[in-house]
Amino acid sequence: MNNRIPETPPVIHPIPDGVARSLWSVMIPVYNCFEYIRVAVESVLKQDPGEQAMQIEVIDDCSTDGDVEALVKEIGAGRVGYYRQPVNRGSLRNFETAIQRSRGERVHLLHGDDLVKPGFYEEIDKLFCANPGIGAAFTKCTHVDENGVEAAPWHISLLQEPGIIPGFLEQAAVAPILQPPSIVVKREVYEKLGSFYGVHYGEDWEMWIRIAANYSVAYSPRCLALYRSGHAANITSRSIATGQNILDIKKVIRLAQNSIPLPLRRKLKARASKNFSIHYAMASNRIYHTDKKGAFIQAHGALGLSSNLKSIYYVVRLYLLHLRKTIFK
């Protein structure tokens, strides 16, 4: 077994009796995203309710692009904890370590290149207080590029007012409808279900499906989280260039079947495969001018997921674009 990619959910151990608990644990896993860490940490500190209420810690997977410990000490001035892995363990094991080290009732895994807007923790707190039986809560999210420019919110509002999402499992199982910086999960949920596993790309989507199969989840339509995309160190960007994203998504779709009621499995699997096929076929057209090889990898992978008419259209469109460029170059 590849120790960096566990094939079963890593066990999260309960907090021992006698250990002081906080309400929040904001755990910030980082690896070679040095230029974004300051913004991520400061976005939390601006909302800091105090050390007794919130644990804040950076978990460094042996970054090589800067002195993360010195940066954390400078920004946090003793308020932000720092832990460095003894060796590079990979993103999944770093997430596992972050959750294991958390002491709060609610765990927010904030990747080192992402950030949250003012009011995020207050809004999440309202969701948990209004719906005490939920396992997790999240807000609307949008993308931010390497220069800090925000895009439009990346999905329509799932609800018009804050509350529990009805039928969330069926929605979550066919397409990712949230990003990691936008969600806070009760630690007891990780203790019951385990940590992230199986793949490096799409591991969060599988986790949200697993949670949705076992707990109610609440949502706020306020856009209070920012997911960083487009930079070279981003796992998504690297996976798209090699096609690993498609291999991983196929695996996640298979793994997700374990969380879906038997009567719904075939239908939701087909819908998920079609959704991702269309997404990657369209992406192949978008990235053609910057990554020609990656564009064709995405196109071929799209048809391997689902040979629907929309995907076929975009793949044909890609080949016609390539033909025009070849003839008239």
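Colleague: Which residues line the second largest cavity?
Modeller: The lining there is made up of Ala 173, Trp 205, Ile 253, Ala 256, Gln 257, Ile 260, Leu 268, Lys 269 and Ala 272. Keep in mind that this is a predicted model.

Colleague: Which elements give two or more residues to that lining?
Modeller: Those are α9, residues 244–256, and α10, residues 262–287. The most comes from α10, which gives three residues.

Colleague: And how do the residues of that lining divide into nonpolar, polar and charged?
Modeller: Seven are nonpolar, one is polar and one is charged. The space inside this second largest cavity is about 30 Å³.

Colleague: How many cavities of 30 Å³ or more does the structure hold?
Modeller: Two. The largest cavity has about 60 Å³ of space.

Colleague: What lines the largest cavity, then?
Modeller: Its lining consists of Phe 95, Val 107, Leu 109, His 111, Pro 180, Ile 183, Val 184, Val 185, Tyr 190, Phe 196, Asp 204 and Trp 208. At least two lining residues come from each of β4 (104–109), β9 (183–186) and α7 (203–214). The largest share is that of β9, with three residues. By class, the lining has 10 nonpolar residues, one polar and one charged.

Colleague: Switching to charges: how many salt bridges does the count come to?
Modeller: The count is 13 salt bridges. In one of them, the side chains of Arg 38 and Glu 74 meet at 2.8 Å, N to O. Arg 38 sits in helix α1 (residues 34–45) and Glu 74 in helix α2 (residues 68–76), so this pair ties together parts 36 residues apart in sequence.

Colleague: What does Arg 101 form a salt bridge with?
Modeller: With Glu 57, where the closest N and O atoms are 2.4 Å apart. That pair links distant parts of the chain, 44 residues apart, with Arg 101 in helix α3 (residues 91–101) and Glu 57 in strand β2 (residues 54–60). Arg 101 is partly exposed at 32% relative accessible area, whereas Glu 57 is buried at 5%.

Colleague: Where do Glu 69 and Lys 73 lie?
Modeller: Both are in helix α2, four residues apart, which is about one turn of the helix. Glu 69 is partly exposed at 34% relative accessible area, and Lys 73 is exposed at 56%. While we're on salt bridges, ones that share partners join Arg 38, Glu 42 and Glu 74 into one network.

Colleague: New topic: which residues form the nonpolar patch on the surface?
Modeller: Leu 309, Ile 312, Val 316, Leu 320, Leu 323, Ile 327 and Phe 328, with about 740 Å² of accessible area together. Of these, Leu 320 belongs to helix α12, residues 309–327. Leu 320 counts as partly exposed, at 44% relative accessibility.

Colleague: Last one: how far apart are Tyr 82 and Lys 117 in space?
Modeller: They are 22 Å apart, C-alpha to C-alpha, and 35 residues apart in sequence. Tyr 82 is in strand β3, residues 81–84, and counts as partly exposed at 22% relative accessibility.

Methods: Residues numbered from 1 in each chain as written. Predicted model: local features only at pLDDT ≥ 70, side-chain atom pairs only at ≥ 80, totals over all residues. Heavy atoms only, no water. 1 Å grid on protein atoms, 1.4 Å probe; cavity = no way out; pocket = protein on both sides within 12 Å on 5 of 7 lines; lining within 4 Å. Points joined across faces, edges and corners; volume = space filled by probe spheres on them. Nonpolar A, V, L, I, M, F, W, Y, C, P; charged D, E, K, R; others polar. Patch = residues over 30% accessible without salt bridge, like charges linked within 9 Å, V, L, I, M, F, W, Y side chains within 5 Å. Areas by Shrake-Rupley, 256 points an atom, 1.4 Å probe, with all protein chains shown as cover. Salt bridge = Lys/Arg side-chain N within 4 Å of Asp/Glu carboxyl O. Buried < 20%, exposed > 50% of the residue type's maximum accessible area, 1.4 Å probe, protein only.
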